[in-house]
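Please consult the sequence and the coordinates alongside the text.

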Amino acid sequence: MWGRVTGDRSMEARGNLMLSVLARTLRNYFLMQDGNSNHPAEFIGNKVTGVLFENKVDATTYFGTNREYVHGIHMLPLLPYSSLTRPPSFITQEWTSIFDPSNPSAPNPATTIQGGWKGIIYANLALIDPQQSWDFFAREDFDMSWIDGGASRTWYLAWAAGLGGAP
């Protein structure tokens with residue numbers, strides 16, 4: 001963006017290249033959509049890698065094994081380029097198979113998550129369903145413990161609204 005603002009086309013092109021390489025790397029090696037050919041088929045259902053070593057993948061984090069930790073850490077930071085690095089088709093698969101409370105086979109419905117990870121999961125949902133994300137953060141009985149220390153309810157409402165979720 002700085003390249004565009006300053007009129008430096010070369011800098012803008014380098015920035016676009018860096019974002020493209022990042023997005024392709026994340027899509028191929030960290031975020032596993034159905035049909036991913038870079039990981040064993042039996043691992044694809046996890047949807048994210050967790051910890052990716054040089055020659056090993058482990059569906060965990062350094063701070064815990066809860067699914068919301070493993071998935072949530074791959075959602076951060078939530079920034080304007082998130083829709084590039086986390087394509088809607090991937091987020092839809094991840095939400096439907098892991099977090100969707102209406103899916104009886106989802107192993108970790110978002111409604112059961114506690115603490116700040118719940119906010120992260122619902123903020124990520126704004127990338128495919130900004131209205132549902134907005135409704136979650138705008139509810140009258142909202143529990144502030146659902147906001148992690150690096151965010152605010154105002155930021156998440158602005159995020160969902162900016163993506164089209166505000167009434």
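In this predicted model, helix α8 spans residues 130–138, and P130, S133, W134, F136 and F137 are buried within it. Viewed down the axis of α8, these buried residues fall within an arc of 160 degrees, so they line one face of the helix. The cover over the buried residues of α8 includes α7 (116–125) and α9 (153–162).

In one of them, the ring centres of Y69 and W117 are 5.5 Å apart and the planes stand at 45 degrees, so the pair is tilted. Y69 belongs to helix α4 (residues 67–75) and W117 to helix α7, so this pair ties together parts that are 48 residues apart in sequence. W117 has a relative accessibility of 18% and therefore counts as buried, the limit being under 20%. Another pair joins F137 and F142, whose ring centres lie 5.8 Å apart with the planes at 45 degrees, so this pair is likewise tilted. F137 is buried at 0% relative accessibility, and F142 is buried with a relative accessible area of 10%.

T61 is placed in the loop between β2 (57–58) and α4, and is buried at 10% relative accessibility. What does the side chain of T61 reach? The T61 side chain reaches the backbone nitrogen of F63 at 3.1 Å and the backbone oxygen of G64 at 2.6 Å. Apart from neighbours within four places in sequence, T61 is in contact with V51, Y69, V70 and I73; of these, Y69 is the residue whose ring pairs with that of W117.

N36 occupies the loop between α2 (9–30) and α3 (41–44) and is buried, with a relative accessible area of 13%. The N36 side chain reaches the backbone oxygen of N28 at 3.2 Å. A polar atom of the side chain of N36 also lies 2.7 Å from the backbone nitrogen of N38. When neighbours within four places in sequence are left aside, the contacts of N36 are R27, N28, L31 and I44.

Charged residues complete the account. Side chains of opposite charge can pair when their charged atoms come close. The structure holds four salt bridges, among them one between the side chains of R4 and E12 at 2.9 Å, N to O. R4 is exposed, with a relative accessible area of 61%. K47 forms a salt bridge with D34, and the closest N and O atoms of this pair are 2.6 Å apart. Because K47 lies in the loop between α3 and β1 (51–52) and D34 in the loop between α2 and α3, the pair ties together parts that are 13 residues apart in sequence. K47 is buried, with a relative accessible area of 3%, whereas D34 is exposed, at 55%. Are the partners E94 and R86 buried or exposed? Their side chains meet in a salt bridge at 2.4 Å, N to O; E94 is buried, with a relative accessible area of 1%, and R86 is buried, with 3%.

How values were computed: Residues numbered from 1 in each chain as written. Predicted model: local features only at pLDDT ≥ 70, side-chain atom pairs only at ≥ 80, totals over all residues. Heavy atoms only, no water. Buried < 20%, exposed > 50% of the residue type's maximum accessible area, 1.4 Å probe, protein only. Helix = DSSP H or I, 4+ residues; strand = E, 2+ residues; numbered from the N terminus. Arc of directions from axis to C-beta. Contact = heavy atoms within 4.5 Å. Phe/Tyr/Trp six-rings, centres within 6.5 Å; stacked < 30°, edge-to-face > 60°. Polar contact = N/O pair within 3.5 Å; in protein donor to acceptor, adjacent residues only side chain to side chain.
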